[in-house]
Structures are given as C-alpha cells and as structure tokens.
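Trainee: I have a chain to go through and would like to take it step by step. Can we start with the overall layout and then move to single residues?

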Amino acid sequence: MAVFSNTEITVKILEPAPAGEQGPLYWGMVKQPAAKDVFKVKASSDMKIKDLKAVVAKEKNYPVEAQRFMYFGGELADDRTLLSCGLQNTDDPLLHMIPRV
C-alpha cells in the first residue's frame, strides 16, 4: 500500500443547490460547477475528517456541523483518517466540501 506523504490537502468549496432543489452536478447537491473557494490546509495521514472540519471551521468560518466532505461520490465519516479515505493514491489530494443547507 502506498504511503500518505503529503503535508497538505486541497479543499474545494462548492455552492450547494438551494434547499428543496436538486442540482445537475456532484450527486445532485450542486447547481454550478465553479468553486466558491479553493485552499490548502496542513494535513497528515492520521488526520481525521472531524479534525479537518475543525481546521476549516477555524480558518474559513464554516460551522463543523454544516460541512460535508465528499470523495468519489460518498460523504466521508468524521472518524475516518485521510489515509483510510485513499488519499495516499494521489500526489495532489483534493476533497470537495459541499455545505449543508
């Protein structure tokens, strides 16, 4: 198995479709493909999704409970590590964050 050797991860924030509407993108949760924000945060293989959410909340003011991280079509559980999500298989790891409405 490959080793997670990245020291940061890119987060792409997408604007969610309005409440009650389904968008054509990102599993029906997004209406427009353009990113609302793209930024990097420091990360390690043992960082959990809940810890990533805390960093995003602190740096970008998105409440933890409103954050939804997606990877390959599924929402990542808070107790998963970045390594367990499969992010060791890319040189430039990217997660999509789609805020809850």
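Trainee: Which pattern does the chain follow, read along the sequence?

Mentor: Keep in mind that this is a predicted model. The secondary structure comes to one helix and five strands. Read along the sequence, these elements follow the pattern β-β-α-β-β-β.

Trainee: What radius of gyration does the chain have, and how does that stand against a compact globule?

Mentor: The C-alpha trace spans about 40 × 25 × 20 Å along its principal axes. For 101 residues, a compact globule would have a radius of gyration near 13 Å. The value for the chain agrees with that, at 13 Å.

Trainee: Which residues have the most contacts inside the largest nonpolar core?

Mentor: This core has 19 residues. At least two of its residues come from each of strand S1 (8–16), strand S2 (30–42), helix H1 (49–60), strand S3 (69–71) and strand S5 (94–97). Another core, of five residues, lies apart from it, and Leu14, Met29, Val30 and Ile98 are among its members. Inside the largest core, the residues with the most contacts are Ile9, Val11, Leu52, Phe69, Leu82 and Leu95.

Trainee: Which residues does Leu95 touch, not counting those up to four places away in sequence?

Mentor: Leu95 is among the residues with the most contacts inside the largest core. Leaving out residues up to four places away in sequence, Leu95 touches Ile9, Thr10, Val11, Lys12, Ile49, Leu52, Phe69, Met70, Tyr71, Leu76, Leu82 and Leu87.

Trainee: Is Gly86 buried or exposed?

Mentor: Gly86 lies in the loop between strand S4 (74–75) and S5. Its relative accessibility is 15%, and the cut-off for burial is under 20%. Gly86 therefore counts as buried.

Trainee: Where is Gly28, and which residues is it in contact with, leaving aside neighbours within four places in sequence?

Mentor: Gly28 has its place in the loop between S1 and S2. With a relative accessible area of 13%, Gly28 is buried. Its C-alpha atom is separated by 19 Å from that of Val11, 17 residues apart along the chain. Beyond its neighbours within four places, the contacts of Gly28 are Glu21, Gln22 and Gly23.

Trainee: How far apart are the mean positions of the positive and negative charges?

Mentor: The chain has 13 positive and 13 negative charges.

Trainee: What share of the accessible surface belongs to carbon and sulfur atoms?

Mentor: The accessible surface of the chain comes to about 5800 Å². Of this, the part that belongs to carbon and sulfur atoms is 51%.

Key: Residues are numbered from 1 along each chain as its sequence is written. This is a predicted model: local features need pLDDT of at least 70, side-chain atom pairs count only at pLDDT 80 or more; totals for chains, interfaces and linings use all residues. Side-chain values use heavy atoms; hydrogens and water are left out. A nonpolar core is a set of buried Ala, Val, Leu, Ile, Met, Phe, Trp, Tyr and Cys residues joined through side-chain atoms within 4.5 Å. Buried means under 20% relative accessible area, exposed over 50%, partly exposed in between (1.4 Å probe, protein chains only). Contact means heavy atoms within 4.5 Å. The radius of gyration is taken over C-alpha atoms; the globule rule is 2.2 Å times the number of residues to the power 0.38. Accessible areas come from the Shrake-Rupley method with a 1.4 Å probe; for residues, only the protein chains shown count as cover. Lys and Arg count as positive and Asp and Glu as negative; His and the chain ends are not counted. The place of a charge is taken as NZ of Lys, CZ of Arg, CG of Asp or CD of Glu.
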